[in-house]
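Visitor: Please take me through one part of this model in close detail. I would like to see how it sits among its neighbours.

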Amino acid sequence: MSAGTQVHANLTEEQVREISGDLDEPEWLLETRLEALEALDSLDMPDVIKTPGREWTNLYELDFESLVDPLNAAENKDQVGPDEANVLSWADAVQEHEELLKEHFGSIVDPQENYLTALSTALFSTGTVIYVPEGVDAEDVAIRTEQNSRSLFNYTLVVTEESSSVTILERQSTGEEAEEQYYSGVVEVAAGENSYVQYGSLQNLSEEAYNFTVKRGVTDTYATIDWIEGNLGTQLTKTEVSTELRGDSSETQIVGAFYGHNDQHFDLDAKVWHRAEHTTADLITRGVIDDISRSVYEGVQDVGADAWDTSSYQRENTLMLSDESEADASPQLIINNHDTEASHSATVGQIDAEDLFYMTSRGVDPRSARNMLVEGFFVPVLEEIDVDELRDDLEELIGARLRQRD
Amino acid sequence: MARLELSNLHAEVAEGDEKILEGVDLEVESGEIHALMGPNGSGKSTTAKVIAGHPAYEVTEGEVLLHLEDEEFGEDIEIDEDQRTWNLLDLEPNERAALGIFLGFQYPAEIEGVTMTNFLRTALNAKIEEREELFEDEDGDEAEEEEDEGFESSPMEGPADEGEVGVAEFQGILQEKMEQLEMDEKFAQRYLNAGFSGGEKKQNEVLQAAILEPSIAVLDEIDSGLDIDRLQDVSNGINALRDEQGTGILQITHYQRILDYVEPDHVHVMLDGQIAKSGGPELAEKLEDKGYDWVREDVYGTA
């Protein structure tokens, strides 16, 4: 199958020039965008899980021609952070940090990696650049994006210098709802030597929306990138959260939580590439699906030939609350260096009838018992979240969705 | 006073038609201790689960009745004449719990992410609330009026949410009961049975009974796998239930050992899904000496 969508039929070079021009971008950025636009023709959709006789997520079915409205992007955005760090809008970053952008933009997520990254690169009109100078500890960087248009293409770059740290909380929601909306986000994180990045994100877009997001980081020596990703909104989400452990002794953690109901569809990838010595990765995802929702999880731990003394762990658990929901999980371990300690597991199950009986026999009504079990199911993931605000918000959204049930 | 009455109880596994109970007759009253003994597969655990309402079993014949006297649940709850007898088989497990039935599990569930404190306070409040609903006066809700005072919980202890027993008050109750059972207070913040040793789980079952104050407690092999110290703690807890709360105990056991610490008023032997023989404490001792074949021989005239 090739990229058979006709989106480029109504996309023009002029539109891309207008977006870039409005942002006052230098020539090299415009060129990158135009090349991405041109490449659309030859690019495929991102890979999705296939099980015999079934392709779980069919991105080709999306009607991009009607979803994408490049010149009418509208949003409500907050970008705040402490004074010591630079938290800039894309337009400001273009003016103040061109060299930084030149060095990092597109260096971690290849703009032409697939059809959707290229589309995002060609059309993004908003974004955030977070630059943390050497030795600075920046807490409470918050980015809030409220989508008010049919489509919104967003870009985020995080660069941390040596021995700095930053805690980022990103949230996406929908302001003005439309029947169908498309949100696209590309996030690149370059974690400098001995720096620490925690990047939390909470996606709570309208349940009519489609969402495509790639978040990828690269670590220098002794650097750590911790990702937390909560997915509650959209009718279809395709995301990847990943880290390339490029520096010796670097670490990453990828924590995920999702809760699908109605006819929501989540296709979630967590990936780590061990490309240096003494690196550690911990992938933990838990999700609930209900009604006729579906989830597909693919987790990859790839240990390269030079990755001596690797530690790599992966766990994924999906809890189905209804008989009609469907889940598939594929944890993969690719080991090319045998000096590796690794584990991977995935489970898909339902609420345990014995657990439920234990609780109801003590007087708890079945509904409360089930809710307690579901909330308890998320606890191992919630416990990994350092940012109180993110944990509380996630807990609250999970609780609210549970109480919505009869 | 309360009385649990099983009469001619027949039950089978819900999926399949394997008969397990074939006419059980048994009565347990408040303040009494009954030991229910018998070989593996005789139907003891099934009896316990059917009393509590386990969904895996289907009752095909007979009754499980609970008879209550007025003031079984204190002065606040008035039990009308026509609300004194309940057919438990018509009720959900949580409704049975609200009426004072407690099942101590042979294999308590391990529940990750739910703390003991949170679970037990929820259970206690749910029980009180359900009880009010079951005995609700048709003319109006009397229980409602006195509810508004109660404890306010401090902001440090989580949300001051609904429920008759507030967080602070509950902490007090829990602490007191844990001290009585010589349980480490750190258990309160641990997840329900998760990572508990076998003995700790059993002790935790007795603790939960102490807090929920049942009228009738069915304890399914609460003594299995306990070392002698813990057996004594658990036995003290069971005796306290009977002595302080007047709970009627139906103790299912394989072993004579616990009966040295929890002396039964009545001993029943179960064989092939029926109560084959009943007697006093001496029956247990005789079983210890002679085994179940002796009962079989005695009852059926064949071994």
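This is a predicted model: local features need pLDDT of at least 70, side-chain atom pairs count only at pLDDT 80 or more; totals for chains, interfaces and linings use all residues.

Guide: Start with strand β5 of chain A, residues 126-132, and strand β7 of chain A, residues 151-160: they run parallel and are joined by 7 bridges. Within this pair, A:Val129 faces A:Leu157 of β7(A).

Now step back to the sheet. It is open and has 9 strands. In chain A their order is β4-β5-β7-β9-β11-β13-β15-β17-β19, and the pairing is mixed. The edges are β4 (86-89) and β19 (326-335) of chain A. Each has a single partner strand, so one side of each has no neighbour in the sheet. Direction ignored, neighbouring strands are turned by 5° against each other on average.

Helix α6 of chain A, residues 115-123, lies across β7, β9 (181-191) and β11 of chain A. Against β9(A), helix α6 runs at about 90°.

A record also touches this region. An unreviewed UniProt entry places "domain: SUF system FeS cluster assembly SufBD N-terminal" at residues 75-139 of chain A. That span is 35% helix and 31% strand. Its end C-alpha atoms lie 25 Å apart.

Next, strand β13 of chain A, residues 236-245. The strand is mostly covered, with 9 of its 10 residues buried. On one side comes strand β11 of chain A, residues 209-219, which pairs with β13(A) in the parallel sense over 10 bridges. Here A:Thr213 stands opposite A:Thr239 of β13(A). β13(A) also pairs with strand β15 of chain A, residues 265-274. That pairing is parallel too, over 10 bridges. In it, A:Ser242 has A:Lys271 of β15(A) as its bridge partner.

In a regular strand, side chains alternate between the two faces of the sheet.

The model holds 5 cavities of 30 Å³ or more. The largest share, 5 residues, comes from β14(A).

How values were computed. Residues are numbered from 1 along each chain as its sequence is written. Chains are lettered from A and ligands numbered from 1 in the order in which they are written. Side-chain values use heavy atoms; hydrogens and water are left out. Buried means under 20% relative accessible area, exposed over 50%, partly exposed in between (1.4 Å probe, protein chains only). Helices (H or I, at least four residues) and strands (E, at least two) are DSSP runs, numbered from the N terminus. Two strands pair if DSSP finds at least two bridges between them. UniProt positions are given in the numbering used here, feature names are shortened, and annotations may be inferred rather than shown by experiment. Axes are lines fitted to C-alpha atoms, for helices over the stretch in contact, and angles run from 0 to 180 degrees between N-to-C directions. Contact means heavy atoms within 4.5 Å. On a 1 Å grid over the protein atoms alone, a cavity is a set of points where a 1.4 Å probe fits but cannot get out, and a pocket is an open set with protein on both sides within 12 Å along at least five of seven lines; lining residues have an atom within 4 Å of a point. Grid points are joined across faces, edges and corners, and a volume is the space filled by probe spheres set on the points.
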